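The following paragraphs examine a protein together with its ligand, beginning with the surroundings of the ligand and moving on to helix faces and backbone geometry.

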Amino acid sequence: MTGIMLGSKITGWGAALPGTVITNEDFEKRLDTSDAWITERTGIKERRVGGTTASLSIEAAQKAIAAAGLTPADIGMLVLSTTTPDQTVPATSATVQAELGLTCGAFDVNAACAGFVYALVVGHSMILSGVEHVLVIGADTLSRITDMEDRSTAVLFADGAGAVVLSRTEENNFLSWDLGVDGTLVPILYCDHGGYLRMEGREVFKRAVLAMVSSAQAALERAGITTDDVALVVPHQANIRIIEAANNRLGIPMERTAIVLDKTGNTSSGSIPLALAAAADMGRIHPGDYVLFCGFGAGMTWASAVVRWGA
Ligand code: COA
């Protein structure tokens, strides 16, 4: 490197899912629900539960660091997005930092299900501030704050993590971002200390589509590209119908969309990096491709970013 800091690109990625699978049929046996209802309304067929936010983070991060061809000593900052930290104090990133053997600074970011893209933007900003490699993790264990007797939420939320390494480059591959929140919408999706997630499903659905569309459009405009240029959109994996509705309005076909929610459910911060890792592992993203990340969540937060996939 010449020391000229022009931008960042994603150089490694990794995913982690807990071992316990809960299928729609499992829910059929104990709740007043059906595989047909869940599949039709959400697209989810099964989800994973278990582990801690730290343990899932560590597994995903180890894969991402190795994929980037780096060692823990190379990481200059850890940004961990989670809405389900293992303890109130300290930040989960402290545990993850120690277990990974990192020697750098570490902190948590909480912007609910939009958190991973917020963390990615923070990571990019750290690169512009002089850090060479930033580890960005999105991890959540929503099963711990979900009432498993409430059919309207139990079938949706689950656990998982994904991680990426952002590295300094002389050609900027991080093209644009759009971050926002409408805090007047706190009451439609929240969880109090010691409580469970509470949600006005229909309202969240409607607002999520609007937020995704306007945020994606803002990020695309700032990147100077159109939806036709997007090789892959990696949306928050909450509900297939939300993604279809947003894609429809944006004019992005589902074939150009990364989907893992049928196997993962909604893993909040874990969802976008899980979908990214699956698409990258399948060879669906090629050097030079424009990738659009688009998240939304409680708050109500939204976050989009456009990156050019590195070589
Ligand atoms: N199985 C069967 N019936 C269920 C059910 C389930 N798992 N969950 C809810 N229902 C019932 C409701 O009780 C309601 O019954 P009622 O008409 O007798 O009162 C009926 O289905 C319709 O409920 P409604 O909430 O209007 O359904 P919907 O079509 O809006 O679908 C969601 C519900 C939750 C799937 C949908 O609103 C949604 O996906 N919202 C967004 C949620 C989300 O993604 N949150 C996270 C954002 S990060």
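Helices (H or I, at least four residues) and strands (E, at least two) are DSSP runs, numbered from the N terminus. The model is a predicted one, in which local features need pLDDT of at least 70 and side-chain atom pairs count only at pLDDT 80 or more, while totals for chains, interfaces and linings use all residues. Residues are numbered from 1 along each chain as its sequence is written, and side-chain values use heavy atoms, with hydrogens and water left out.

A residue counts as near it if one of the residue's heavy atoms lies within 4 Å. There are 23 residues around the ligand, and those that come nearest are Thr33, Arg41, Arg151, Arg202 and Asn239. A polar side-chain atom of Thr33 lies 2.6 Å from a nitrogen atom of the ligand. On its own the ligand has 960 Å² of accessible area, of which the protein covers 74%; accessible areas come from the Shrake-Rupley method with a 1.4 Å probe, and for residues only the protein chains shown count as cover.

Which elements give two or more residues to the shell around the ligand? They are helix H2 (35–42), helix H6 (151–154), helix H7 (201–223) and helix H8 (240–250). The largest share, four residues, comes from H7. By residue class, the shell divides into 11 nonpolar, seven polar and five charged residues. Here Ala, Val, Leu, Ile, Met, Phe, Trp, Tyr, Cys and Pro count as nonpolar, Asp, Glu, Lys and Arg as charged, and the others, Gly among them, as polar. Domain 1 (7–169) and domain 2 (174–308) both give residues to this shell, so the ligand lies between them; the domain bounds come from an automatic or database domain assignment.

A residue is buried at under 20% relative accessible area, exposed at over 50%, and partly exposed in between (1.4 Å probe, protein chains only). In H2, Asp35, Ile38 and Thr42 are buried. Seen down the axis of H2, these buried residues fall within an arc of 80°, so they line one face of the helix; the arc is that of the directions from the helix axis to the C-beta atoms. The face of H2 turned away from its buried side carries the exposed residues Ala36 and Glu40.

In H8, the buried residues are Ile240, Ile242, Ile243, Ala246, Asn247 and Leu250. They fall within an arc of 160° when seen down the axis of H8, and they therefore line one face of the helix. Asn248 and Arg249 are exposed on the face of H8 turned away from its buried side.

Most residues other than glycine have a negative phi, and most peptide bonds are trans. A cis peptide bond, with omega about 0°, joins Val89 and Pro90; Pro90 lies in the loop between strand E4 (77–81) and helix H4 (92–100). Another cis peptide bond joins Gly299 and Met300, and Met300 lies in the loop between strands E12 (290–297) and E13 (301–308). Ser268 has a positive phi, near 55°, and is found in the loop between helix H9 (261–264) and helix H10 (271–281). Ser268 is buried, with a relative accessible area of 2%.

Notes. Polar contact = N/O pair within 3.5 Å; in protein donor to acceptor, adjacent residues only side chain to side chain.
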